[in-house]
Structure formats: C-alpha cells, structure tokens
Amino acid sequence: MAVTKKPVDRRAQIVDAAAKSFAMFGYKATTMEQVSKIAAVGKGTIYTFFATKEELFGEIIAQLTKELRALADRTIDRERNFFDNLSSVLHELLLFREKHELIVKLSQEVRDIGTPMAKEGIAELERAIVACIQREVEHAMGKGELRAADPRLTAFVMLRLYVALSTEWSRQHEPLTREQIAEYFGALMQGGMAPR
C-alpha cells in the first residue's frame, strides 16, 4: 500500500514560523532570516508569499482577530441575558489576550520600546475586541435589553470598564474575583444602559 504524502502548505508554514519568531523576539527584532530558519525555507520562498515583514505581520494579526471572534462566538449563549454574556465574553477575550505569547510579547514591546508596528498590532486586536462587543451591543439594543446609544462608543466604554475592574484595580488593591468583576460590571452598566 503506497503512502501518499500530504502536500506541504509553505504559506502556512511561513506564517506559523513568523508567529513563533514574533512571539520570541518581538516585532522589531524579528528578521526574515529568522523566519526562514524557523520555517526551514529559503528567504526567497517567504517573498513569494509576503513582500515585506509588515505584510507577514499583518497576516498574523488578521489570524489572531479571527481567533478572537471565534472565541467570542463560542462563549455567547443566547439563552443568557446580555450582561451575563458580555461579562463572560470579556473575561474570555482578556484571558486570551493575557495568555497568548505573541500578544504578551507585543504588549511588552509597546511598553518598553514603543515600536509603531507592535502598537498597530495591539490596536488592531483591541479594535477586534471592540467590534465583537459592538455586535452584541447592537443585538441587545435590537432586543430592547439596552437603551439606544452609539454602539461602538458603548462597546469601547464597556471594554475599558472591564479592563479597569479586572486589571488596573489590582495594581493598587486586592484583586477582584471573576464573580466580583461580573457583579460590579453588571451593576454599573445596567444602571447606565438598561432601558428606562
């Protein structure tokens, strides 16, 4: 019986290698030479798929935003109320952001060096999170669970409030539990956004 080899997807191999390199070294220190070594391909092979390091980085950020959207979609349970759903989605999205090696490295690079492409990558991921929340805000407004307001601005404020409760508060105070965060978040948002 002949064993057929599965064709190698060079593009995917390069993207995977680049993601590893960016996660290890950051955007600024990653070179196409490093990516070619990790991917075990020649540099010329990389350039057949991606003209620049920026383009390759953009592909990786695009894949991460798809992962964030898929995570949000898996977390949402239409049987629960909006605020319970939102709290769960925000928790999962921020946990993903905190634990993903590439996002952690890019955040460190932004903080320590301020590399413009790393800043743009982090900003793109945040825009994806806001877009996920905005979609749910629009859905809740359509169902009458929230009063009418600018959905994108509302999503942005919701994200910032959740980050403040889950991350920034613990820098100077005893960290809140997930349940406490959900309770405070729900109480503050319902008071301001519930239909009247």
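Among contacts in the chain between residues at least 6 apart in sequence, what percentage join residues at least 24 apart? The figure is 64%. Welcome to this structure, which is a predicted model.

**The chain as a whole**

- Reading along the sequence gives the pattern α-α-α-α-α-α-α-α-α.
- The C-alpha trace spans about 65 × 50 × 30 Å along its principal axes.
- Of the 196 residues in the chain, 37% are buried.
- The chain has an accessible surface of about 11,300 Å², and carbon and sulfur atoms account for 54% of that surface.

**The largest pocket**

- The largest pocket holds about 240 Å³ of space.
- Its lining is made of Leu94, Arg97, Glu98, Ile103, Val104, Ser107, Val163, Thr167, Glu168 and Arg171.
- At least two lining residues come from each of helix 5 (82-99), helix 6 (101-112) and helix 8 (151-168).
- Sorted by class, the lining of the largest pocket has four nonpolar, two polar and four charged residues.

**The second largest pocket**

- The second largest pocket holds about 160 Å³ of space.
- Around the second largest pocket you will find Arg97, Ile103, Ser107, Val110, Ile122, Leu125 and Glu126.
- Helix 6 and helix 7 (116-143) each give at least two residues to the lining of the second largest pocket.
- By class, the lining of the second largest pocket has four nonpolar, one polar and two charged residues.

**The enclosed cavity**

- How many cavities of 30 Å³ or more does the structure hold? There is one.
- The largest cavity has about 60 Å³ of space.
- The residues lining the largest cavity are Arg78, Arg80, Asn81, Phe82, Asn85, Glu136, His139, Lys143 and Glu145.
- Helix 5 and helix 7 each supply at least two of the lining residues of the largest cavity, and helix 7 gives the largest share, with three residues.
- In terms of class, the lining of the largest cavity has one nonpolar, three polar and five charged residues.

**Threonine 115, in a loop**

- Threonine 115 sits in the loop between helix 6 and helix 7.
- Is threonine 115 buried or exposed? Threonine 115 counts as buried, because its relative accessibility is 8%, which falls under the 20% limit for buried residues.
- The side chains of threonine 115 and glutamate 109 are joined by a polar contact of 2.7 Å.
- Leaving aside residues up to four places away in sequence, threonine 115 touches Tyr27, Lys28 and Glu109.

- Leucine 159 belongs to helix 8.
- With 0% relative accessibility, leucine 159 counts as buried.
- Apart from residues up to four places away in sequence, leucine 159 touches Leu90, Leu94, Glu126, Ile129, Val130 and Ile133.
- Leucine 159 and threonine 115 are 44 residues apart along the chain, and 24 Å separates their C-alpha atoms.
- Threonine 65 lies in helix 4 (residues 53-75).
- Threonine 65 is buried, since its relative accessible area is 5%.

- Alanine 40 is in the loop between helix 2 (32-39) and helix 3 (43-49).
- What is the phi of alanine 40? Although alanine 40 is not a glycine, its phi is positive, at about 60°.
- Most residues other than glycine have a negative phi.
- Alanine 40 is exposed, because its relative accessible area is 63%, and the limit for exposed residues is over 50%.

Notes. Residues numbered from 1 in each chain as written. Predicted model: local features only at pLDDT ≥ 70, side-chain atom pairs only at ≥ 80, totals over all residues. Heavy atoms only, no water. 1 Å grid on protein atoms, 1.4 Å probe; cavity = no way out; pocket = protein on both sides within 12 Å on 5 of 7 lines; lining within 4 Å. Points joined across faces, edges and corners; volume = space filled by probe spheres on them. Helix = DSSP H or I, 4+ residues; strand = E, 2+ residues; numbered from the N terminus. Nonpolar A, V, L, I, M, F, W, Y, C, P; charged D, E, K, R; others polar. Buried < 20%, exposed > 50% of the residue type's maximum accessible area, 1.4 Å probe, protein only. Contact = heavy atoms within 4.5 Å. Areas by Shrake-Rupley, 256 points an atom, 1.4 Å probe, with all protein chains shown as cover. Polar contact = N/O pair within 3.5 Å; in protein donor to acceptor, adjacent residues only side chain to side chain.
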